[in-house]
Amino acid sequence: MKNKESNQPRKSFINSLRSSNIAKGFRITYKVLWNLSLLFIVFAIMAVFFVGGAGAGFFASLVKDEKILSYDEMKKDIYDYEEISEVYFANDEFLGELPSELERREVDIDQVSDYLIHAVIATEDEYFFEHEGIVPKALMRATFQELSNSSVQTGGSTLTQQLIKNQILTSEVSFDRKAKEILLAMRLENFFEKEDILEAYLNVVPFGRNANGRSIAGVQAAAQGIFGVDVKDLSLPQAAYIAGLPQSPFGYTPFSNGGEVKESIQPSINRMKTVLTRMKESGYITEQEYEDALEYDILSNLATPTPTIIEEYPYLTYEVERRATEIIARQMIEAAEIDLAELSDEERLEVLSKYRQDARRDIRRKGYQIYTTIDKAIYDAMQEVVKDNSLFGPEKQGEPEEVGSILIENKTGAILSFVGGRDFKRENLNHATQGPRPNGSTMKPLLAYAPALEIGAVQPGFIIPDTPMNYRNGSPLRNFDNSHKGIMTAREALQQSRNIPAVKSFNKVPHEQTRDALLKMGIRNIKSDEPYEATSIGGLTYGTTVEMNTSAYTTFVNDGNYIESYMIEKITSKSGDLIFEHQSEPVEVFSPQTSYLILDMLRDVLKPGGTATSVPRLLKFSADWAGKTGTTNDYHDSWFVASNPNVTLGIWLGYDTPKRVERVGGLGPGPRTQRIWARLANAAYDSKPEIMAPGHRFEMPDGIVRQSVCGISGLLPSDLCREAGLVRTDLFNVKYLPTKVDDSLQRTRFVTMKGGKYRALDSTPDEFADSGVMIKESYLSINEMSNFIPEEWKNIVPDRYAQENGKTPNPVTSVAVNGTTLSWGAHTESDIVGYRVYRTVDGSSYSRVASIKSSGSLSYQVSGNGSYYVTAVDVAGNESGPSQNVSYGEMSGGNDHKVPGDGNEDQPDELDPVLDIPDEPINTPPATDSPNEGNPKPPAEGNNGNGRGNRQN
């Protein structure tokens, strides 16, 4: 009742309005306003459509040129994120990760902690599982903030949009890029499941730096690099901390670029609290979990720096990357159908540079698995050896003595280990695989002897004189000791590392054949006209690397087939697809027979008389080794390479800037190099004895026989060859066995005078001549033979006649008796072949008691009292006058001289102890005091003074 009463005045008021003009006016005004409102609504709707249409048109104009990506294209782009490549030792033993600008490790979403997934969703995209790539409200808010230049920028990108920005587009701030991002995000949502998009995002997003100071991306790299745990094992506070980093990766990261913890990490702690708050508000965690997480001490649980592959294995890391880069680059060039051989040098270098750069980029970002041949145990052991500074020489001009070494498996070419140097931080040059140097005498088996053996020009038992010679250009060729050893076999010359026989052997082979052999053995960095004569003894213009030199030696172990050395076994993609796999391609260089003969000759280098005799006693194990030493001019480089049936180990010692390698601890460059080589071999043996000490020897192939030949000619030995002691028994390739009997020798009489052995003249007395064997000039020239007949070849005579001076010799001087020894001085004339000793007991009748060759001792043991004198006889038979007389004991005087056998009680004089010539009475007056007066000649009938008279006895 009260309400009705109270409403009565209002109704009366309204009624009065209706009945008045005021009401009429109100109705008119109302209609006008209503119509205006309707008009405004219509215009507003039209404006919305206009703006929407304009916006749509603007959006369409922004994306009209954007390519419509297919599913496969989007999949390739989304999952094509940078990932570090991994390296493995032999037998799939993990080595480490190759260095890259960004460290990333792919992980499946089911291996990611739920805490982290929830933290990312709550913080970065709370509507992720509801939207279809974009959130319009968030976009409008972000657009308004952008247009109004608001100080608060909340962002409007979903996880899907962020993934598009990272993987397909750029970080450019523009409406054009944003429009493309929206279009591609919606298309991506149409193709992929939410879990796939989330997994890709978690592997892509950047997280700042790890404890080593390296940039990281992806949740696995973040978990390991920041907290030292796998992403599946992250705790709630750790997950919240990591989830907060993507907003400002390098602002919030706790580490500097040097790996040190920042002075303050409070900004990132505050960000972690924000993440925890959003997780709680979204219902992912409870209040208690939230409170407990706030108490977690982030600072004390940060990861500590860990040694990287570069720090632990610097030489190996960069060598693997270099080789892998070359492999991938070659594949790219082949795929592009580019024939490098058809390009100019400049074009070739340009192409190689471009594709190597592309390959290096791929290796650092495509997550390859690179499997190497390196045996970890052997490699680690060999690195320890070169840490012993006592093995090395002094620093010179700020440079330490350096070393490079490599161990290669013969049958496969696999590099099992190497030593790149002593200090990578000082010098990052890999001295095993780079930095070619002249290889000295280690070149001799490869170039001087093996090609000559291959064509039969040389066999191990053939004689190659070590006698003076010049290079073809006229300059003298010298041995390392500036001496000559004369006649020697090829085996002996190689064992003793003589230069001259090596060059002579090299010159027996056509140039193109030696060049072809060098190229086939992998030594390809040679000039167009090499090899030269000096190349055969190690004077290669551009030198060889330790790997190149050592790999060439494996040719002999592989029956003459060169198998190129390699370090990369295979490369696979991150999904396991095979990208590359090494395939050996043997190249035939020498026959098995040639190869075995070289090995057998190289065995002698490690035996007494060789240049590496110390090696066997330095080794703690036994194996069938064949090797070669080498040094270069002024000892700037020292080498040793040796093979057993399993492996070949090579070493180089020297300075980066060539300097003399010095003696250390009493050891010269060669022995010291061999000592280091042996230490490396022993270290490898300690790690893998079955590799270093095979239980078998080099196998001799069919077609090798042991044969005796005459060393001068290489033909079958004649009787004269045997008599002269020139028979040599050695191994031969049956293909080149001699079939003819030696005819290089003939019997002759010879004399020994100043200057050596000479053929005797017809008039040379037999008492001063010997029977010997002469080498025909056609086999060895006089200049080679004259001064270098080996001592054991006592009966070998050069094909040269003795020369006499055309006059009768002057009398002998300085005759004296000391005790029972009659002695005299050597005659000054060069054609003297001997001396005669005469004796008298009565002062009138002299008898010859001895004939002594000039090459013997210039003395005579007197056998009785009497007076003695000496005469000199030249090669023509001319005899000088008597020397001054000397007496021994008391002379009997008168005619007491008895002719032997006359029945007198005196016994005949003893036979001459030198030539067994009985006393011969010669009626000649006693000598006067002056040797130039009254000295009659001994009988020399028929002597006309020209040195061609009858022989005198």
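**Strand β8**

I began with strand β8, residues 415–419, in this predicted model. I asked how many of its five residues are buried. Five of the five are buried, so β8 is largely enclosed by the rest of the structure.

Next I looked for the partner of β8. β7 and β8 pair in the antiparallel sense, over four bridges.

Which sheet holds β8? I traced an open sheet of five strands, in the order β8-β7-β17-β16-β15. The pairing is antiparallel. I noted the edge strands, β8 and β15 (626–631), each of which pairs on one side only. I also looked up the angle between neighbouring strands: on average they are turned by 5° against each other, direction ignored.

A reminder for myself: strands of a sheet pair through backbone hydrogen bonds, either parallel or antiparallel.

Then I followed β7 to its other partner. Eight bridges join β7 to strand β17, residues 647–654, and the two run antiparallel. Here Leu 407 stands opposite Leu 649 in β17.

Which helices pack on this sheet? I found that α17 does, touching β7, β8 and β17. The direction of α17 makes about 20° with that of β8. I found α22 packing on the sheet as well, touching β7, β8, β15, β16 (637–643) and β17. The direction of α22 makes about 30° with that of β7.

**Backbone angles in loops**

I searched for positive phi outside glycine. Gln 397 has a phi of about 55° and is not a glycine. I placed Gln 397 in the loop between α17 (376–385) and β7 (402–409). Is Gln 397 buried or exposed? Its relative accessible area is 76%, so Gln 397 is exposed.

Asp 559 also has a positive phi, near 60°, and is a residue other than glycine. Asp 559 lies in the loop between α22 and β11 (561–562). Its relative accessibility is 40%, so I wrote Asp 559 down as partly exposed.

I then checked a peptide bond. The bond joining Glu 530 and Pro 531 is cis, with omega about 10°. Pro 531 sits in the loop between α21 (511–520) and α22 (546–557).

**The disulfide**

How many disulfides does a search of the whole structure find? It finds one. Cys 710 and Cys 721 form it, with their sulfur atoms 2.3 Å apart. The torsion about the S-S bond is about 105°, so this disulfide is right-handed. I located both ends: Cys 710 is in strand β18 (residues 704–710), and Cys 721 is in helix α27 (residues 719–723). The pair therefore ties together parts that are eleven residues apart in sequence.

Cys 710 is at 0%, so it counts as buried. Cys 721 is also at 0% and counts as buried.

**Asp 842**

My last stop was Asp 842, in the loop between β26 (832–840) and β27 (845–853). Is Asp 842 buried or exposed? Its relative accessibility is 12%, and buried means under 20%, so Asp 842 counts as buried.

What does its side chain reach? The side chain of Asp 842 reaches the backbone nitrogen of Ser 844 at 2.9 Å. It also reaches the backbone nitrogen of Ser 845, at 3.0 Å.

Conventions
Residues are numbered from 1 along each chain as its sequence is written. This is a predicted model: local features need pLDDT of at least 70, side-chain atom pairs count only at pLDDT 80 or more; totals for chains, interfaces and linings use all residues. Side-chain values use heavy atoms; hydrogens and water are left out. Buried means under 20% relative accessible area, exposed over 50%, partly exposed in between (1.4 Å probe, protein chains only). A disulfide is a pair of cysteine sulfur atoms within 2.5 Å. Two strands pair if DSSP finds at least two bridges between them. A polar contact is a pair of N or O atoms within 3.5 Å; within protein, one must be able to donate a hydrogen and the other to accept it, and residues adjacent in sequence count only if both atoms are side-chain atoms. Axes are lines fitted to C-alpha atoms, for helices over the stretch in contact, and angles run from 0 to 180 degrees between N-to-C directions. Contact means heavy atoms within 4.5 Å.
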